[in-house]
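Subject: Structure handover

Hello,

Here is the structure for you to look through. My notes on it follow below.

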Amino acid sequence: MKKITIDPITRLEGHGKITIFLNDDGSVANVYFQVPELRGFEKFCEGRPAEDMPQITQRICGVCPEAHHMAATKALDDLFHVEPTSTARKLRELLYSAFYVTDHTTHFYILASPDFVMGPDAPPAERNILGVIAKVGLELGGAVINTRKQNHWIIQTVGGRPINPCFGLPGGVSRAITEEERKQIEEIAKQSVEFGKLSLKLFDDVVLKNKAYLDMILSETFTQRSYNMGLVDEKNRVNFYDGKVRVVGPDGKEFCKYAPREYLDHIAEHVEPWTYLKFPYLKKIGWKGFIDGKDSGVYRATPLSRLNAADGMATPLAQAEYEKMYSTLGGKPVNYTLATHWARLIELLYAAERLLELSRDPEITSPNIRNIPTAKPDEGVGIVEAPRGTLTHHYITDERGVIKKCNLIVGTTNNYAPLFMSIKKAAEDFIKPGVKITEGLLNRIEMAWRPYDPCASCATHALPGQLPLEVTIYDAQGNELKRLSRGIS
Amino acid sequence: MAKLKIALYWAASCGGCEIATLAIHEKILKLAEVADIVFWPVGMDFKYADVEKMPDKSVDVCLFNGAIRNEENEHMAHLLRAKSKLMIAYGSCAYEGCIPGLANFYNRQTIFDRVYVETPSTDNPKRIYPKTKVKVPEGELEIPEFYDTVKTLRQTVNVDYVVPGCPPEEKTTWLALEALISGKLPPKGTVISHSVKAVCDECPRKKEEKKIKKFYRPYEKIPEPEKCLLEQGFLCYGIATRGGCGALCPQANMPCTGCYGPVEGVIDQGAHFLSALASIIDSNDPEEIQKIIDDIPDPAGTFYRYSLPDSLLRRAIIK
């Protein structure tokens, strides 16, 4: 038996490690995807004041602290039995929309686009954001940097800090915005909408008009028929900040729809001894292992699954793009993993449109930003849609509002099993007896999981646009036969 | 002049310090003119094996973020120390242990019990826990050992400088990088920040007399817009926290939580805050003082929010 280890790939909660075992004939025997880190927030949040949870839990992830801050703040509303004021609710969603614009922009341009713009077999030295800018134009590069910077300014202005905001409180937010600030936000939102349109046009020109890419999107290797999860509003449209969690099957039919408080009726987590991360699944179906289909409890919580789980988008331009995607790819649901990139851009446009709507809301500059809770705290659940999946925070406190129990089901964790299965399927299809293992081949395996954007694979890890990847092949006695590495001289 | 060789690494951290490193925006181009990044697993294609091959002290400076939570973190700290002329604890986790350091109120077993067995969504009747080595049908799989206690970088290897903050603000990061680029380095052991004084020093809120009769939690009342938060009874940590951040949280009407660590010369930030608070409680009656202090729901977790592993306490004793 041969063993291939890809270590470290990227971080989820920590770093990641892929091990591929080969049979003697060179075919894939099995694949393991391990997460070698744990920090234990579910335990050490015990004893902390509940109101500090938005700021404590956002240290789970420095890439999407806004998502944890928001889920925690919503859990506090529930815990303290207080509704946020209408303006506070809108300010939260406004910040969250700006966050989505930055996050999706980062992922698509820095991580995903090099594969399509430069091609999966382009040399790694070119297959990165700098290569993309060189090919598509400096103007676009400037727009990417500007969109990120401007929306970070919104996050700092509304949330108090550029990384790790501090504004969330049960019943509201800590700071109102001025008319001056509102105007600037509106201006940034307008530019972001244009940027969203530009991004979809780029996707259309570069990917959809290229038959080879379209064929790759539609190929069986990159197809997975799992359940789809996403937060929806009262009209079953995609919403990132609030609503109910809807799950539709691989056949497109609604399987369940639940309010945050009901999450334990629907979600359970499986433990394996070789990894620190758990595997969530649909409780009513059960854990059946790493398999897809209707009879397996595995679900996905990604941009694509959110669009699959919804009936549409709540803003006009995004809705038109939503319809175009489904008509192009043969109707709902779309089970092609690579279409996740397309879905992410539709979400980017939606977030920008929503940001614009909220920036023009007459209530948005109201000073009425807080309701003071009066009821005794006891238990609360908060759910938001993090860019990398449905995020659930659940707290139980004593009557002083001190955390007694805390449970967290975090964005990327939802996708652990499907991510694993996508890697395995790609490895099995690409690594075959007699096929030389090349750099481009490894990149195709990587392309199977990049759509999930496993946490922190965003802004940071990918200046050159690629992950560190090294494959070492051992023979049955553990002797090194071959070493293949990318970008390592 | 030869370019500076810089290594960046993350141990037990959240990625926020990586984002903070990038937050110097266009200045990153200036950095690229004078420095080469020789190791950055998040940003570039280098492997652990490449670091092992480097001669000792061949890296000019290592910016190390994250706490020491498991054996891999510890191994990399020792390795990078050996290869680097200067070792910098970048951010609160490497400096003091930070939020992941709150795990020192518990230990490995209590954390594992909670995460893998007790949490209401977990279905694990056989009580399976992750193990460092596991036999699977195809072979053996390994993951690093999770330690009982979170350590700081300074408790693990010799550290030359510290950059504080969770994460460090853009201007703090640039202050450190400028010192490195220019070669005008401060004395060894310096905590690099724009201030050696407290956050209060740079907070625009009006300070008058600090006399506290009652502590309020942030959700209990709306603060007056311009008055010092501590004087209003909010447990604002600015008085015992190093400045340099620009007092961002108090300006967003929220108390400082202490992420820039202790002010110059103070070893234990929590003890310093406690003694500062004791001096401003407006009572001489021991019973009344006790009652006022009882309004603080989680003193240890609040005073040592970012610094438990680095404090004189270091951890709780688990029986």
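**Charges over rings**

In chain A, the charged end of A:K332 lies over the ring of A:Y326, 5.5 Å from the ring centre. Please keep in mind that this is a predicted model. Chain B has a case too: the charged end of B:R69 sits over the ring of B:F146, at 3.9 Å from its centre.

**Aromatic pairs**

Over all chains, the structure holds 36 aromatic pairs. One of them joins A:F222 and A:F430. Their rings are tilted, with 6.2 Å centre to centre and 50° between the planes. This pair links distant parts of the chain, 208 residues apart. A:F222 is in the loop between α8 (211-218) and β6 (227-232) of chain A, while A:F430 belongs to helix α14 (residues 416-430) of chain A. Are A:F222 and A:F430 buried or exposed? Both are buried.

There is also a cluster linked by ring pairs. Among its members are A:F21, A:Y32, A:W274, A:W287 and A:Y416.

**A sheet in chain A**

Look next at the open sheet of 3 strands in chain A, with the order β12-β13-β14 and antiparallel pairing. Its edge strands, β12 (379-386) and β14 (403-409) of chain A, each pair on one side only. Neighbouring strands are turned by 10° against each other on average, direction ignored.

How many bridges join β13 (residues 389-397) of chain A to β14(A)? There are 6. A:T392 stands opposite A:I409 in β14(A).

Helix α3 (residues 65-79) of chain A lies across β12 and β13 of chain A. The helix runs at about 150° to β12(A).

Best wishes

Methods:
Residues are numbered from 1 along each chain as its sequence is written. Chains are lettered from A and ligands numbered from 1 in the order in which they are written. This is a predicted model: local features need pLDDT of at least 70, side-chain atom pairs count only at pLDDT 80 or more; totals for chains, interfaces and linings use all residues. Side-chain values use heavy atoms; hydrogens and water are left out. Rings of Phe, Tyr and Trp (its six-membered ring) pair if their centres lie within 6.5 Å; planes under 30 degrees apart count as stacked, over 60 as edge-to-face and the rest as tilted. Helices (H or I, at least four residues) and strands (E, at least two) are DSSP runs, numbered from the N terminus. Buried means under 20% relative accessible area, exposed over 50%, partly exposed in between (1.4 Å probe, protein chains only). A charge sits over a ring if NZ of Lys or CZ of Arg is within 6 Å of the ring centre and within 35 degrees of the ring normal. Two strands pair if DSSP finds at least two bridges between them. Axes are lines fitted to C-alpha atoms, for helices over the stretch in contact, and angles run from 0 to 180 degrees between N-to-C directions. Contact means heavy atoms within 4.5 Å.
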